[in-house]
Amino acid sequence: MITLTINGQNHEIDAEPDMPLLWVLRDRLNMTGTKFGCGVAQCGACTVHVDGESRRSCSTMVGDVVGSEITTIEGIDGKVAKAVQTAWQKLDVVQCGYCQSGQIMSAIVLLSENQKPSDDEINASMEGNICRCGTYQRIRAAIHEAAKSLA
Ligand code: FES
Ligand code: FES
């Protein structure tokens with residue numbers, strides 16, 4: 001048994017320590033907002049926060065995050081998260097949506113660390129989040145919009 005703290009709640013999970021966090025989230029806890037894309041830390045679809053930092057849950061073993069605060073897209077809260085969600089809606093960022101929970105999780109970390117990122121800083125920070133639909137311009141614009149609303 002492993003105990004994980006996810007979105008502020010403790011969950012007892014019957015899992016081996018080397019099971020990927022993404023599997024536990026989706027298959028054991030039915031938290032399907034976090035997506036499976038590549039499975040090898042190359043696309044960002046599975047991004048969650050571990051102690052406030054972005055982590056690829058497909059490549060994070062549950063044994064390594066015992067005792068950490070894990071946040072998924074279902075549990076985001078606070079003024080930065082709200083600003084990002086509002087900007088995403090206002091600018092209609094989403095196309096198919098598959099990558100977007102990962103994009104939002106990364107954008108929240110970026111704006112928590114840098115409240116006025118430049119285009120280059122956004123590109124550098126978000127480059128690990130792939131969007132097959134090519135919504136990159138709208139993502140950039142929404143991050144600027146969220147930054148403006150936080151100023
Ligand atoms: S599914 Fe984890 S980075 Fe692609
Ligand atoms: S919105 Fe379709 S993959 Fe990004």
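Predicted model: local features only at pLDDT ≥ 70, side-chain atom pairs only at ≥ 80, totals over all residues.
Residues are numbered from 1 along each chain as its sequence is written, chains are lettered from A and ligands numbered from 1 in the order in which they are written, and side-chain values use heavy atoms, with hydrogens and water left out.

**Exercise 1: Strand S1 and its partners**

Task: Find which strands pair with S1, and in which sense, parallel or antiparallel.

Solution: 

Step 1. Start with the terms. Helices (H or I, at least four residues) and strands (E, at least two) are DSSP runs, numbered from the N terminus. Two strands pair if DSSP finds at least two bridges between them.

Step 2. Look at S2 (residues 9–13), which runs antiparallel to S1 and is joined to it by 5 bridges. Within this pair, Leu 4 has His 11 as its bridge partner in S2. The two strands make a hairpin with 2 residues between them, and Asn 7 in the turn shows a positive phi of about 50°.

Step 3. Now turn to S5 (residues 69–71), where the pairing with S1 is parallel, over 2 bridges. Here the partner of Ile 6 is Ile 70.

Step 4. Check how enclosed S1 is. Buried means under 20% relative accessible area, exposed over 50%, and partly exposed in between (1.4 Å probe, protein chains only). In S1 (residues 2–6), 4 of the 5 residues are buried, so the strand is largely enclosed by the rest of the structure.

**Exercise 2: The whole sheet**

Task: Work out the order of the strands in the sheet, and then list the strands that helix H1 touches.

Solution: 

Step 1. Recall that strands of a sheet pair through backbone hydrogen bonds, either parallel or antiparallel.

Step 2. Read off the order: the 5 strands form an open sheet, S2-S1-S5-S3-S4, with mixed pairing. S2 and S4 (53–56) are the edge strands, each pairing on one side only. From one strand to the next, the twist averages 40°; such angles run from 0 to 180 degrees between N-to-C directions, with axes as lines fitted to C-alpha atoms, for helices over the stretch in contact.

Step 3. Contact means heavy atoms within 4.5 Å. H3 (residues 100–113) lies across S3, S4 and S5, at about 40° to S3.

**Exercise 3: Two crossing helices**

Task: Describe how H4 and H5 cross, and name the residues that meet.

Solution: 

Step 1. The axes of H4 (residues 119–126) and H5 (residues 136–150) come within 10 Å, crossing at roughly 115°.

Step 2. From H4, Asp 119, Ile 122, Asn 123 and Met 126 meet Ile 139, Arg 140, Ile 143 and His 144 of H5. Sorted by class, this contact has 4 nonpolar, 2 polar and 2 charged residues. Ala, Val, Leu, Ile, Met, Phe, Trp, Tyr, Cys and Pro count as nonpolar, Asp, Glu, Lys and Arg as charged, and the others, Gly among them, as polar.

**Exercise 4: Salt bridges**

Task: Locate the 3 salt bridges of the structure, and find which residues are linked in a network.

Solution: 

Step 1. Use the cut-off: a side-chain nitrogen of Lys or Arg within 4 Å of a carboxyl oxygen of Asp or Glu.

Step 2. One salt bridge joins Asp 77 and Lys 82 (2.9 Å, N to O). Asp 77 is exposed at 60% relative accessibility, and Lys 82 is partly exposed at 47%.

Step 3. Another joins Lys 90 and Glu 145 (2.9 Å, N to O). Lys 90 lies in H2 (residues 79–90) and Glu 145 in H5, so the pair ties together parts 55 residues apart in sequence. Lys 90 is exposed at 58%, whereas Glu 145 is buried at 17%.

Step 4. Glu 145 also meets Lys 148 (3.6 Å, N to O). These two are 3 residues apart in H5, about one helical turn. Lys 90, Glu 145 and Lys 148 are therefore the residues linked in the network.
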